[in-house]
Amino acid sequence: QVQLVESGGGLVQAGGSLKLSCAASGSIVSFKFKGWYRQAPGKQRELVAIISGESTNYADSVKGRFTLYRDNAKNTVYLQMNSLKSEDTAVYYCNAQIYSYISSVRQGDYWGQGTQVTVSS
C-alpha cells in the first residue's frame, strides 16, 4: 500500500515555531513532492509553497517565515514554520505525485489527511 501522511502540527503561541513533515511510505518507486497547502475554517484552500523545477515558490503571506526542505532518500518533505501568526491557523496538507511498483495501487496524485496547526495570540 501507499500512504502520504502529514505530521508535526499542534498548538503554539504567536511567535513560536513548528516543523511539519510530509512523508510517503509503502511500495513506492517514484515520489515527487508538489506543494504544501492550507485551509482555514470558512476559507478556501490556499497554496503555501510549491515546487517548480529546482526552486520553491512561497505565498507572500509566509515568505521569510516558512522554509521547505526535502529529503529525497526518505521520500519526506519538511516545512519549517517560524514566527507563527494567528492567521497561520489552518489544516495543512501536502500534495505529491506517487507511483508504485504494484500495478493495482492507485498511481499519480496524492493528498495527505492534513495536520492541524493552531496559533494562539
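Predicted model: local features only at pLDDT ≥ 70, side-chain atom pairs only at ≥ 80, totals over all residues.
Visitor: How many salt bridges does the structure hold?
Guide: A salt bridge is a side-chain nitrogen of Lys or Arg within 4 Å of a carboxyl oxygen of Asp or Glu. Side chains of opposite charge can pair when their charged atoms come close. By that cut-off the structure holds 4.

Visitor: How far apart are the closest N and O atoms of E46 and R38?
Guide: Burial first: buried means under 20% relative accessible area, exposed over 50%, partly exposed in between (1.4 Å probe, protein chains only). E46 is partly exposed at 36%. R38 is buried at 4%. Their salt bridge has its closest N and O atoms at 2.7 Å.

Visitor: How many residues apart in sequence are the parts that D88 and R38 tie together?
Guide: D88 forms a salt bridge with R38, closest N and O atoms 2.9 Å apart. Strands here are DSSP runs (E, at least two residues), and helices are H or I runs of at least four, numbered from the N terminus. D88 lies in the loop between β8 and β9 and R38 in strand β4, so the tied parts are apart in sequence by 50 residues.

Visitor: Which residues do salt bridges with shared partners join into one network?
Guide: R65 and D88 also meet in a salt bridge, 2.7 Å from N to O. R65 sits in the loop between β6 (55-58) and β7, 23 residues from D88. R65 is buried at 10% relative accessibility, and D88 is buried at 0%. The shared partners join R38, E46, R65 and D88.

Visitor: What is the angle between the planes of F33 and W36?
Guide: A pair of aromatic rings is described by the distance of the centres and the angle of the planes. Rings of Phe, Tyr and Trp (its six-membered ring) pair if their centres lie within 6.5 Å; planes under 30 degrees apart count as stacked, over 60 as edge-to-face and the rest as tilted. The whole structure has 2 such pairs. F33 and W36 form a tilted one, 6.1 Å centre to centre, with a plane angle of 55°.

Visitor: Why do Y37 and W111 count as a tilted pair?
Guide: Y37 is buried at 16% relative accessible area, while W111 is partly exposed at 30%. Y37 lies in strand β4 (residues 28-39) and W111 in strand β10, so the pair ties together parts 74 residues apart in sequence. The ring centres are 5.0 Å apart, and the pair is tilted because the planes stand at 55°.

Visitor: Which backbone oxygen does the side chain of T76 reach?
Guide: T76 is found in strand β8 (residues 76-81). T76 is buried, with a relative accessible area of 9%. At 2.9 Å, the T76 side chain reaches the backbone oxygen of K74.

Visitor: What separates the C-alpha atoms of S30 and Y99?
Guide: S30 lies in strand β4 and is partly exposed at 32%. Leaving aside neighbours within four places in sequence, S30 is in contact with Q97, I98 and Y99. S30 and Y99 are 69 residues apart along the chain, and their C-alpha atoms are separated by 5.1 Å.

Terms used. Residues numbered from 1 in each chain as written. Heavy atoms only, no water. Polar contact = N/O pair within 3.5 Å; in protein donor to acceptor, adjacent residues only side chain to side chain. Contact = heavy atoms within 4.5 Å.
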